[in-house]
There are 2 protein chains.
Amino acid sequence: MVSSKSRPKKIYIGLLGYGTVGSNVYGLLENQADEIAQATGTSIEVKKILVRDATIPRTDAPVELFTDNFDDIIDDPQISMVVELIGGLEPAFDYITSALEQGKSVVTANKQLLAKQGFYLFRLAQEKKTQIRFEASVAGAIPVIKVLRESMVAADLTSVYGIVNGTTNFILTEMSRTNAKYQDALARAQEWGFAEADPTEDISGQDAAAKMAILASIAFHTPVSLDDVGCVGIEGISSLDIAYARELGLTIKLLGVARLYDDKINVRVYPALLEQDHPLATVSGAYNAVFLQGKSIDEIMLSGPGAGGMETASAVVGDIVSIISRKTPGPLEYLVAHRDLKFFSDEEVVSKFYLRLEVEDEPGVLASIARVFADQKVSVESVIQKGRGAHAELVMVFHPVKEKRFRAALEKITELNMVKSAPRPIRVEGSDEQ
Amino acid sequence: MVSSKSRPKKIYIGLLGYGTVGSNVYGLLENQADEIAQATGTSIEVKKILVRDATIPRTDAPVELFTDNFDDIIDDPQISMVVELIGGLEPAFDYITSALEQGKSVVTANKQLLAKQGFYLFRLAQEKKTQIRFEASVAGAIPVIKVLRESMVAADLTSVYGIVNGTTNFILTEMSRTNAKYQDALARAQEWGFAEADPTEDISGQDAAAKMAILASIAFHTPVSLDDVGCVGIEGISSLDIAYARELGLTIKLLGVARLYDDKINVRVYPALLEQDHPLATVSGAYNAVFLQGKSIDEIMLSGPGAGGMETASAVVGDIVSIISRKTPGPLEYLVAHRDLKFFSDEEVVSKFYLRLEVEDEPGVLASIARVFADQKVSVESVIQKGRGAHAELVMVFHPVKEKRFRAALEKITELNMVKSAPRPIRVEGSDEQ
């Protein structure tokens, strides 16, 4: 007879979705079963897997695990944890709320949903005294959520920023490396599996914005939803900008930035030019990197591959392990017991800017343009002027200036006849001041 | 009357030591009291602080907190957590074991002690169903221990390596940046507070070796003590090596490396040459960076400032928070339920090597030396030969080779009359193969 003491605890999981991530999670839970049981004193069994068609035979998991009916999971009292990997808003939102309502804990990788309904779900989990974890939603295998939630309690964070989208970083790296045009670099990213057939979500910056909403929420204990995140994508970046950037010793990256200005926060996603010795400048290809900075810590960086199937699965399993080894409600209370900070307006943020202008190639153009900026008290740091046939190109870098004032100057510039194209300013990072 | 439900839990801490880190921990616990209470549902009070002379008035903490008698802490049943920040082996070991014996939890930043007695203490904590945490012992504010213990359970780690000593990284960065001699760079590090008056512990690599023992123990669930870590310091690095390295496109760093070879581990600290696009090559000054690599994760890097007083204090407070929000015994069981892997011999490790030789400047020298290496089946990748007066300098880089075979060739080389100085090989990282 086996004594009850030696019998390890066991928990049953319902898995929603069995794509790349889902099947990798299943595989990891099987392969690492002993490690996990030793780490947590609990063994884990996947009891049901929700898929669209449960009749398709799958070689890597027994057919009887699969179901096309969510009720088989939600109504099973043995299943105490639901792992949602189907993505999208619906039915994921329904499934997760049903699970939390019943006190089941939830692990999800669904950034869109969290960026829209995160605080609702966090509150629900707290109310029901259960947990929701979502490490895989932000930066693949980099445990930035865990570090933010658990290691930075005393750090008094002032900024969280970095490269949180692998697709755009791959494209920008390719453009810099090979002088490729944007469209060609995108095609290459698609060919190599680093961009979706429809890449809108990534290249528009929306994917990064969702992740920044999640990171900012946790870093500043303030509900930040996708709609609160200003967002510029990389579609407007030309190979000319990249060539000029190189001439100026700068590298272009799509940054997500969440920053505290006194008692207000500003959360944005935008392409930015970085000095080539900036640690983010060397984060290349589909890699992600996040910086954390606080009053009691200098810059900490976490970097690693962006969300591949295996990395995401590893983060999901990490969350499962965290849930079974942590007291409820624990720090979730903290997450929701928010400070509810106000937002700091984009217009008030002080930055350096880079600007490329197509202008008529005739005497006095530079003088006229410089005059407009001077009138608006926008101060030029450096200028490159190059003839290109009938037109000339003027590339200017400005000293740090309030965005409001810079935009006002830009409006005046656009009105000048000698300016032949819509000016496209790019922020230069590393000299943010208030 | 206040209902017991609304009264927050409270725990009392005994602080051992009140130097830079100790006073910063006290300050953080005071300043972040609300954040911590919200994060954990528990408020924390420092009840006693052990110092050598308790009569010295201190402006930042009330004088009645201080005591010079450890009994005031260990015998106080209200104190359930001891934070040890005095360092060294004794009396720290006595204090920590006494605390654990009584079921008090322990936070420590004491790497020397952990690298020697870690497994004894881990076992004791487990036996007494209490916890010991030690994030601050390894890499300042970088939460690498937490990530290893809690996020990497399913990662199936194969290597943990990086720059874990800020002093030596500062010295090597200075040597590379300014062509300074080793002694001058060391003097500058001392002047700027990045090196102790007696820097032996750092420059000999012993500090890094202690940290690698701790990291390897946790990554591979195997007791690794300081004595198991092969260790070469930076005293032998000359500014000539740094100049040649630059000529070869390489940067020199003191690395700590813990690696799995099939089912055996090898843990070492040594100066290594890195390709200039290696992510560790740009980790400069007193910064630390640790890479984690596993079967189910690609390289994850954590980097940040090495242990300053504030960073270390922040890590200590993070540990305090982790202890009060985590179930016991939790993952400590896992840590101690070790795999007890065997060690893989240094001699069997395959690496690229760099070698600088002072030789007689006469015809046939290169041929003779190359012949010796060829006889030993050690294959040359590149050679630089430079005349320096009567002598010449021969700088060679070799294709990956088993250390045993390379050492054998070196012995033969040393016997040659034309070789004028003891050869000083440096490992070239990035092409480790078995």
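Strand β12(A) pairs with β12 (residues 300-305) of chain B. The pairing is antiparallel and runs over three bridges. Within it, A:L302 has B:L302 as its bridge partner in β12(B). The model that shows this is predicted.

On the chain A side, 45 residues take part, and they meet 45 residues of chain B. Which elements of chain A supply at least two residues each to this side? They are α2 (33-40), α7 (144-151), β12 (300-305), α13 (309-325) and α14 (332-336). Helix α13(A) gives the most, with eight residues. By class, the chain A side divides into 22 nonpolar, 13 polar and ten charged residues.

Now take chain A as a whole. Chain A contains 16 helices and 17 strands. Its C-alpha atoms fill a box of roughly 95 × 45 × 35 Å along the principal axes. The radius of gyration is 25 Å. A compact globule of 434 residues would have a value near 22 Å, so the two agree. Of the 434 residues, 52% count as buried. Contacts also reach along the sequence. Among those between residues at least 6 apart, 75% join residues at least 24 apart.

Chain A is divided into three parts: domain 1 (9-134), domain 2 (153-305) and domain 3 (347-433). Domains 2 and 3 of chain A have C-alpha centres 24 Å apart. Their contact involves 16 residues of domain 2 of chain A and twelve residues of domain 3 of chain A. On the domain 2 side, α12 (239-247), β9 (250-261) and β10 (264-275) of chain A each supply at least two residues. The largest share, seven residues, comes from β10(A). This side of domain 2 of chain A has ten nonpolar, three polar and three charged residues.

Next, a single residue of chain A. A:D60 sits in the loop between β2 (42-50) and β3 (66-67) of chain A. Is A:D60 buried or exposed? A:D60 has 10 C-beta neighbours inside 10 Å, so A:D60 counts as exposed. Leaving aside residues up to four places away in sequence, A:D60 touches A:S23 and A:G27. A:I218 is 158 residues from A:D60 along the chain. The C-alpha atoms of A:D60 and A:I218 are separated by 37 Å.

Six strands of chain B form an open sheet with parallel pairing. Their order is β3-β2-β1-β4-β5-β6. Why do β3 (66-67) and β6 (132-133) of chain B each have one side without a neighbour in the sheet? Both stand at the edges, and each has a single partner strand, so one side of each is left without a neighbour. One bridge partner in β6(B) is B:I132, which pairs with B:V106.

A helix lies across part of this sheet. Helix α4 (residues 92-101) of chain B lies across β1 (9-16), β4 (79-84), β5 and β6 of chain B. Helix α4 of chain B runs at about 160 degrees to β4(B).

Technical notes. Residues numbered from 1 in each chain as written. Chains lettered and ligands numbered in written order. Predicted model: local features only at pLDDT ≥ 70, side-chain atom pairs only at ≥ 80, totals over all residues. Domains from an automatic or database assignment. Contact = placed C-beta atoms within 7 Å. Helix = DSSP H or I, 4+ residues; strand = E, 2+ residues; numbered from the N terminus. Nonpolar A, V, L, I, M, F, W, Y, C, P; charged D, E, K, R; others polar. Buried ≥ 20, exposed ≤ 12 C-beta atoms within 10 Å, placed from the backbone. Rg over C-alpha atoms; globule rule 2.2 N^0.38 Å. Pairing = 2+ DSSP bridges. Axes fitted to C-alpha atoms, helices over the stretch in contact; angles between N-to-C directions.
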